[in-house]
Amino acid sequence: MKKSLYLLMVSIFLLFLSGNQSEVYASFNEGNVLVKSDVINVSQSELSESGNKEFKRLASLPNAVTINVTPSVTGVTVKVRNYGVDTVDSVVVTVNSPKILTSKGKEQKGKNKSTFVFTNLKPAISQDKSKPVPMVRTKMSYTGSAVIKDGKKVVTKSVNASLDFSTDQLTKEWDKGTFSDIHKSIDYHFAKHYNDKYVKVNNLQQYLNKASSARSEMKNITKTTSKYRYKKSATSIKVTKMSGKTTTQYVLLTNTKAKKLYSYGGD
């Protein structure tokens with residue numbers, strides 16, 4: 001049996017911070033996410049019984065099935081294509097992704113599991129399916145397996161992919177604070193505040209967007225007004241946006257010229 005060829009395709013979305021004053025991680029045209037999507041190639045010889053009369057002819061085909069696992073900030077897409085000459089019975093891809101931290105910053109047990117089922121894959125035809133698996137860490141690692149069935153033959157391959165916000169991007173607006181690195185800091189604050197009444201986001205990019213907008217709005221506040229509450233210490237500045245006596249959003253900033261974010265929330 002031939003070993004299948006593994007290709008790791010690295011796609012870099014050119015998502016950079018806009019140069020205007022808002023400094024917002026607005027969309028897939030204004031951020032910076034590195035995606036490593038796993039492409040699995042399964043040779044026809046792996047799917048064919050050695051006693052099959054067609055074995056030699058089929059084995060000459062370099063790839064019968066390709067499986068492309070691609071994560072994004074909102075979900076995971078799996079694309080399967082049959083390059084063989086006959087229908088493949090089924091492909092089942094299971095993808096495990098990290099869970100969000102607890103509100104106290106602790107790891108949760110287990111993984112989030114998503115299963116993608118493809119049946120009766122016709123020759124030269126591709127199928128793709130997506131599932132909502134939001135990005136809940138600054139570094140997301142996806143693992144799992146792909147099980148390909150063709151008649152009595154079953155081939156199992158591992159699945160690996162990743163989705164990361166770069167350190168350089170995150171440190172443009174955030175400070176690591178008391179944490180050992182910027183990723184741990186943001187993972188913690190996202191888990192603690194993503195569901196706050198005046199934050200309410202579904203994924204990490206949305207949280208960074210809202211935090212960036214709030215920072216841009218409040219970083220130049222220097223005193224308490226009817227709309228903002230201002231509090232400065234030797235190391236930090238807290239600016240709270242108010243609606244009457246109700247807190248709507250707040251930013252905790254470094255007491256430096258850069259005024260980077262320590263935290264963002266909205267009680």
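This is a predicted model: local features need pLDDT of at least 70, side-chain atom pairs count only at pLDDT 80 or more; totals for chains, interfaces and linings use all residues.
Residues are numbered from 1 along each chain as its sequence is written, and side-chain values use heavy atoms, with hydrogens and water left out.

Colleague: How many helices and strands does the chain have, and what percentage of its residues is buried?
Modeller: Helices (H or I, at least four residues) and strands (E, at least two) are DSSP runs numbered from the N terminus, and the chain has 5 helices and 13 strands. Buried means under 20% relative accessible area, exposed over 50%, and partly exposed in between, with a 1.4 Å probe and protein chains only. Of the 267 residues in the chain, the buried share is 46%.

Colleague: Is strand β3 largely enclosed or open, and how many residues lie in the hairpin that joins β3 to β4?
Modeller: Strand β3 (residues 65-71) has 6 of its 7 residues buried, so it is largely enclosed by the rest of the structure. Two strands pair if DSSP finds at least two bridges between them, and β3 pairs with strand β4 (residues 76-82) in the antiparallel sense over 7 bridges, with Val65 opposite Asn82 in β4. The hairpin that joins β3 to β4 runs through 4 residues.

Colleague: How many bridges join β8 to β9, and which residue in their hairpin takes a positive phi?
Modeller: Strand β8 (residues 139-150) pairs in the antiparallel sense with strand β5 (residues 88-97) over 7 bridges, where Thr94 stands opposite Ser145 in β8. Strand β8 also runs antiparallel to strand β9 (residues 153-165), to which 12 bridges join it, and Ile148 stands opposite Val155 in β9. The hairpin of β8 and β9 has 2 residues between the strands, and the residue with a positive phi, near 65°, is Gly151.

Colleague: Is helix α5 mostly covered or uncovered, and which residue has a side-chain oxygen that reaches a backbone nitrogen at its start?
Modeller: Helix α5 (residues 204-218) reaches 21 Å from its first C-alpha to its last, close to the 21 Å expected at 1.5 Å a residue, the expected span being 1.5 Å times one less than the number of residues. The helix is mostly covered, with 11 of its 15 residues buried, including Leu204, Tyr207 and Met218. At the start of α5, the backbone nitrogen of Gln205 lies within 3.1 Å of a side-chain oxygen that belongs to Asn203.

Colleague: How far apart are the closest N and O atoms of Glu173 and Arg215?
Modeller: A salt bridge is a side-chain nitrogen of Lys or Arg within 4 Å of a carboxyl oxygen of Asp or Glu, and a search of the whole structure finds 3 of them. Glu173 counts as buried at 1% relative accessibility, and Arg215 is also buried, with a relative accessible area of 3%. The closest N and O atoms of the salt bridge between Glu173 and Arg215 are apart by 2.9 Å.

Colleague: Which residue forms a salt bridge with Arg137, and is that partner buried or exposed?
Modeller: Arg137 counts as buried at 11% relative accessibility. The partner of Arg137 in the salt bridge is Glu107, with the closest N and O atoms 2.8 Å apart. At 56% relative accessibility, the residue that counts as exposed is Glu107.

Conventions:
A polar contact is a pair of N or O atoms within 3.5 Å; within protein, one must be able to donate a hydrogen and the other to accept it, and residues adjacent in sequence count only if both atoms are side-chain atoms.
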